[in-house]
Amino acid sequence: MPVSHTASAPEAMTDRALRAFLHGLPGVDEVGARARAQDLSTRSIKTTAKAQAIDLAISMVDLTTLEGADTPGKVRSLCAKAALPDPADRTVPHVGAVCVYPDMVSTAVEALRGTGIGVASVATAFPAGRAPLEVKLADTARAVADGATEIDMVIDRGAFLSGDYLKVYEEIGAVKETCGGAHLKVILETGELVTYDNVRRASHLAMRAGADFIKTSTGKVSPAATLPVVLVMLEAVRDHRAETGRYVGVKPAGGIRTTKDAIRNLVLVNETAGPAWLTPDLFRIGASSLLNDLLMQRTRLTTGTYPGPDYYTLD
Amino acid sequence: MAERRGGKKAGKGGAAGAAQAPAVPARLAVRKIYKLYLGGAFPRSESGRSYPVTSNDGTHLANAALASRKDAREAVAAARKAFGGWSGRTAYNRGQILYRVAEVLEGRRDQFAARAVAAQGLSRARAEEVVSAAIDRWVYYAGWTDKVAQVVGGANPVSGPYYNHSAPEPTGVVVVFAPQNAPLLGLTSVLAPVIATGNTAVVVASETAPLAAVDLAEVLATSDLPGGVVGLLTGRVPELGPHLASHADVNALDLTGAGRDAVAFEEAAAQTLTRVVRPGPGADAGEEAWLDPDPGTSRMTPFLETKTVWHPVGV
Amino acid sequence: MIFEYAPAPESRSVVTLRESYGLFIDGEFAPAASGENLTSLNPADETKLAQVAVAGPEDVERAVAAARRAQETVWGRMSGAERGKYLFRIARIVQERSRELAVLESLDNGKPIKETRDVDLPLVAAHFFYYAGWADKLAHAGLGPDPKPLGVAAQVIPWNFPLLMLAWKIAPALATGNTVVLKPAETTPLTALVFAEICQEADLPPGVVNILTGAGDTGRALVEHPGVDKVAFTGSTEVGRQIARSVAGTDKRLTLELGGKGANIVYEDAAIDQAVEGIVSGIFFNQGHVCCAGSRLLVQESVADEVLTRLKERVARLRLGDPLDKNTDIGAINSAAQLERIRELTEAGEAEGAQRWSPACDIPESGYWFAPTIFTGVSQAHRVAREEIFGPVLSVLTFRTPDEAVVKANNTPYGLSAGVWTEKGSRMLWTAERLRAGVVWSNTFNKFDPTSPFGGYKESGYGREGGRHGLEAYVG
């Protein structure tokens, strides 16, 4: 599969050139985008296709805990769940990564050693991103030093909304540099960008600045990963690939709780960016409660009976 | 009107002998208590008060909640909260819901007819006629939801290269003082046009005959009408009216049932230029005054704003 | 990785078909006087679905007489409110039986269940709801203080939206106090016959709705019958001309909704992904069996390559196959005859020098199928740019300036629909103002609503269906 995760060093950009590029992108008609997402959400994924989709979705989950009340104990049990989602069924694949706050990275790295599961850390003063650049870079550097393989940074939405695209661009570039070998996911927080035009612009901005993934949301703002937003971002990575040859991943996060939600996202991927994106290398789903619903639906498919939540481990 | 609980049923002769067992029915009827309808729920008045309701011939029928100033305030708040959603629904959807009201009302026609006989002293035939007309009135306004804009809106042939178009929009929260002597058909005739056009309503029911209004609220509550679109207050116009008429978050008043307070309410409304519909001829008449099967647009247009949009036409 | 959608067929069990259906006259089903029948096929596999009667002149006579009787004795005298309540009732039954009707429509017509379920049936119910509401409000419709019904309406409808076209015809006619004799298309009569059952279930007075099945001869006998006051026809321009000729010199009122060769104009500043979606739904919705289809794409030269690249990628993802599969985007062509016509015209397109393209696409072995097809390098003179193909075939032309787009769009005897894609509102309005077409969609396509009038300019017919304007065709 022609995947290249090595972003070339971000080009030096002038404010004027960046603005001209972003404002020159074709518009997104809101009604049309919603209609397309709605149309694809009526796809009926059954039997063998559903089984395939469920296992794929499990392998794409970034199992997440981002609470003020997180403790090493909580993170360790989440990691155990990530490695072995269903102790009763060893055929279940492990998840894509575990996603934690920076101070929990070392705990997660320890707990996941030898499993092949990545550790993603939110960074850059997640979720608001309201901190000086040096703080954001220090946040990132520490997470990387502690062993994070993926960094989920937030963009400066204030700068974006005030038209200071260059600031956002340079910040992403600086974080990318700090990441070293760790993959960079750039969170757009689409619920605060509001329009699909903004989502498209922010997607291209992040990709140009070196993002390996573009991610919808922090999970702290509603609405989060709606289908039309994911659609617009998938169009952006598809177009970026066509222009530059580089594959950038997409990560919807926030509000994806059911198997049906997850499958609708996979259908969007399949029919928008294309099958090349149907891999955990290029598509992740940031979620927590989703995993158990996927497991329950998996059991339903294999046994034919509806399972109850008490038969699945909490984390 | 007394503000107290309980009936004053005359004692049984007084001189009954101790040996005579009191007469008890084979089965004791379960009586309904009549409450307010606020935000989709049926609470008692926050004041804890109620008042006795009697038929035209003085027989005690039940007690009704005696709403307070604070209940009125809650009703306006609930109506405002519901306005965005209700006015944002498609006209078709509002029509479907109003038609559903007619369907559910038809299913309870015996209850309403019996009520009209007992409370108003109507003949059974007249009561049936009134109930039928009330059902058909909901159907009538169900049909108006997606037509009123076509009748009162349209394209304007302005001189110049401009597209120019006017369309009606609901004004907002409408307080409806329901006709005092026409508790079902009269109420329906003033309420249905208000909500058909996308407004939300706070109804002050007929003071002396409020029970049909509460029964109707139960129909509304089971017809997919979102909570808050209609709030129902039972109580005294002189107590509730001044607060509603001067309320700055009320957009319009229908004063049909305001009686001798109508002028004072109109004056109070002037402070915030709240739209006012004065009591028309026949406002005090009984149900028979409301039988005209085609009332037209006259009860809708007072609660509509006309919005005109200009747009240039050019390459 | 390859994500292969497993078959997801909608169940046929919701449909109970009779072996054979009679004509619906005066509230009852009866065989044709001649005893003649035709067979309706499933175009997806050429299996027989049911036999239906072929109405002849005697049957037409009976049906028109029943409609006349019902109009004069019951329906025309009834209050508008009561007529409206019958139509509301019909709308509700259509909603209740919507899945049955959707499946049956897909079986008989070949269109995907996704469309019958999500487009046709909701619109059918909505159309009855909408006109139900007009029945007691005719005095407010701007058609005079007391509009009167015309009498008996003869209505002939096509096979592309069988039940929806029935609704477009019957709902306004009944709301205004007319009675009807309706002839569904020869290849798609079945949902109209279930609709006849719905009329019975609604206790609609006998004779108010009469359904005569049959082919062209039946239709001709019906529209030429001297006892009808109004003719409403949807179908080909050629038949429309014949009908227009045949009513000349009579008092019959006529409305016609005929063919089209709609232009879909894409300006360089369009929201390109949504424009591509609109192009796709404009021509591939309902296999392109749509009179208002955007069958001519007029794309600004400066973005033509980009639009075409994206368009082809998108068309390659269309899923052709079993109409009852919930994931099917392109169903079967309705009949062998229609398939033949599409083939003939596309072969002419190639012969005339246009470049033909279709995605790799598995075609089922039985049934009538045609892969989505795009012609590029098309000029105004080519047959594929001028003639209505009525199939999943798009002809792509380019333009340089807005004036040229409008001139090319209007350079056709048809004038039913057009599309305009631009993010600039004033240009959209400028273009719409100059297009000689009855419906102009901007930044969308193939949208229908009962409140919105529909109909054509020029050889696309006259009269409007839908909206307040749709009442006008049925009142005097």
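**Close-up 1. The contact between chain C and chain A in a predicted model.** In this predicted model, the contact draws 21 residues from chain C and 24 residues from chain A, two residues being in contact if their C-beta atoms, placed from the backbone, lie within 7 Å. On the side of chain C that touches chain A, the elements giving two or more residues are H4 and helix H9 (272-284) of chain C; helices (H or I, at least four residues) and strands (E, at least two) are DSSP runs, numbered from the N terminus. The largest share of this side, five residues, comes from H9(C). By class, the side of chain C that touches chain A has eight nonpolar, five polar and eight charged residues, where Ala, Val, Leu, Ile, Met, Phe, Trp, Tyr, Cys and Pro count as nonpolar, Asp, Glu, Lys and Arg as charged, and the others, Gly among them, as polar. Residues are numbered from 1 along each chain as its sequence is written, while chains are lettered from A and ligands numbered from 1 in the order in which they are written. Because the model is predicted, local features need pLDDT of at least 70 and side-chain atom pairs count only at pLDDT 80 or more, whereas totals for chains, interfaces and linings use all residues.

**Close-up 2. The contact between chain B and chain C.** Here 23 residues of chain B and 24 residues of chain C take part in the contact. On the side of chain B that touches chain C, at least two residues each are supplied by H2, H4, helix H5 (148-152) and strand E10 (304-312) of chain B, and the largest share, six residues, comes from H4(B). That side of chain B divides by class into twelve nonpolar, seven polar and four charged residues.

**Close-up 3. The helix pair H2(B) and H4(B).** The axes of helix H2 (residues 91-107) and helix H4 (residues 124-144) of chain B come within 8 Å and cross at roughly 170 degrees; axes are lines fitted to C-alpha atoms, for helices over the stretch in contact, and angles run from 0 to 180 degrees between N-to-C directions. H2(B) and H4(B) are therefore roughly antiparallel to each other, a term used for angles over 145 degrees. Among the residues that meet are Leu98(B), Tyr99(B) and Leu105(B) in H2(B), and Ile135(B), Trp138(B) and Tyr141(B) in H4(B). The residues of this contact divide into eleven nonpolar, two polar and one charged.

Close-up 4. Five strands of chain B form an open sheet in the order E7-E6-E5-E8-E9, with parallel pairing; two strands pair if DSSP finds at least two bridges between them. Strand E7 (230-233) and strand E9 (275-277) of chain B are the edge strands, each pairing on one side only, and neighbouring strands of the sheet are turned by 15 degrees against each other on average, direction ignored. Strand E8 (residues 252-254) of chain B is joined to E9(B) by three bridges, the two running parallel, and Asp254(B) stands opposite Val277(B) in E9(B). Helix H1 (residues 69-88) of chain B packs on the sheet, where it touches strand E5 (173-177), strand E6 (200-204) and E7 of chain B, and its direction makes about 155 degrees with that of E6(B).

**Close-up 5. The two domains of chain C.** The domain assignment, which is automatic or taken from a database, gives domain 1 (12-258 + 460-472) and domain 2 (263-449) of chain C. The centres of these domains, taken over C-alpha atoms, are separated by 30 Å, and 21 residues of domain 1 of chain C are in contact with 24 residues of domain 2 of chain C. On the side of domain 1 that touches domain 2, helix H3 (98-109) and helix H4 (113-134) of chain C are the elements that give two or more residues, with the largest share, four residues, coming from H4(C).

**Close-up 6. The open sheet of chain A.** Eight strands of chain A form an open sheet in the order E7-E6-E5-E4-E3-E2-E1-E8, with parallel pairing, and its edge strands are strand E7 (249-251) and strand E8 (285-287) of chain A. Strand E5 (residues 183-187) and strand E6 (residues 213-215) of chain A pair in the parallel sense over three bridges, Lys185(A) having Phe213(A) in E6(A) as its bridge partner.

Terms used: Angles under 35 degrees count as roughly parallel, over 145 as roughly antiparallel, 65 to 115 as roughly perpendicular and the rest as oblique.
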